[in-house]
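Let's take a friendly walk through a few local features of this model. Please keep the structure open as you read.

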Amino acid sequence: MRRTTVSRRVVTAAAAAALLAAAGCTTTGASDHKKPVAGMRGITLPSWYRTDYDSPAAPRYLRDIKATGARWVTFTPTWYQRHRSDSEMHPTEETASDASLRRIVRRAHRLGLQVMIKPHVDLPGDGDRAEIRPRDRAAWFTSYRRFITHYADLAADTGAEQFAVGTELAGVSGDRDGWTRTIADVRDRYDGTLTYAANYDEYTKVPFWNRLDVIGIDAYWPLTDKPTTDVGQLRRAWRPITEKLAAFAEQHDRRVLFTEAGYVSQRGATTAPYAWDISGRSGDAEQAAAYRALLDTFTGLRWWAGVCWWMWDDWPDSGETPAKLAYTPHGKAAEGVLKDAWGD
């Protein structure tokens, strides 16, 4: 699902095991990969325009992310395809430039943050990438391999510690052969830890987890029918999900990483975490309760590889949703939850 806010400039709408405490290794077999040994503490800093990562705000954003106790930051360069049935994708003015991506990875590393590069393919406007179903699937995978190996090369060149081979592409993620070849091409270029970011309603249908080092899930499960700030109620809602994830991790001999998780600070956020426009009513306490419930539920579970929260601040003047209602925890009670849970 696409939960991004739209840019102000929208026109059409090897080192892994040693460096990486929160992810696995670089091997492809089910029996010899190395499991993550600790939980990722991450926050995503997405881009909506080619120069966002060169924004004067970038150094401050990275410092603020680290101040939460985060040890990881995720960057999301994005290419686009015009229609869900198209067979190729391409960069646009909304795609972070390679030079800006390289520079912000260097900035993050200088601050002591580890980096995941998580490329996205999107549709114009508010189109849902899960609906991408190309007319010519072979041609689409040829184009996708060009896209994803471009960023695998960049991840290798910059020393990024983790890489996602795809994000929420439910319309094509069932193609075992297409993804097996894609992952092999990525591994030819990149020696770090690999994952795929499946949506919460997609992960059981992905047939290629044994080719990756960690199971990635964008964890937007609805937890309640009505707005609540009751952490205990939210933890109870996680219980059956946790049991299923534990069994799934054991079945695949992989740990589970929440490649995304997040809640807008709006009343009702826990009823539809994937939605950025639930209501116009502030819900800081509900957002904070949801953060607390997730961390209390999963921290310390041996099969859980951590979380990368969606997301930090929008770039100046770029967000359609006011910051007080948006996904960011910055300056809200949820930021205090992170500092409490992640602080040394």
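Which side chain does that of D314 join in a polar contact of 3.0 Å? The partner is W48. This is a predicted model, in which local features need pLDDT of at least 70 and side-chain atom pairs count only at pLDDT 80 or more, while totals for chains, interfaces and linings use all residues. Residues are numbered from 1 along each chain as its sequence is written, and side-chain values use heavy atoms, with hydrogens and water left out.

D314 sits in the loop between β10 (304-309) and α8. With 16% relative accessibility, D314 counts as buried (under 20% relative accessible area, with a 1.4 Å probe and protein chains only).

R129, in the loop between β5 (120-122) and α4 (137-158), is buried too, at 2% relative accessibility. Its C-alpha atom is separated by 8.0 Å from that of A170, 41 residues apart along the chain. The table gathers the side-chain polar contacts (pairs of N or O atoms within 3.5 Å, one able to donate a hydrogen and the other to accept it).

| Side chains | Polar contact |
|---|---|
| D314 and W48 | 3.0 Å |
| R129 and D122 | 2.9 Å |
| R129 and E168 | 2.7 Å |

Now to a helix pair. Helix α7 (residues 284-298) packs against helix α8 (residues 333-342) at an angle of about 25°, with the axes 7 Å apart. That makes the two helices roughly parallel (angles under 35 degrees). Residues making the contact (heavy atoms within 4.5 Å) include Y291 and L295 of α7 and V337 and L338 of α8.

Technical notes. Axes fitted to C-alpha atoms, helices over the stretch in contact; angles between N-to-C directions. Helix = DSSP H or I, 4+ residues; strand = E, 2+ residues; numbered from the N terminus. Parallel < 35°, antiparallel > 145°, perpendicular 65-115°, else oblique. Buried < 20%, exposed > 50% of the residue type's maximum accessible area, 1.4 Å probe, protein only.
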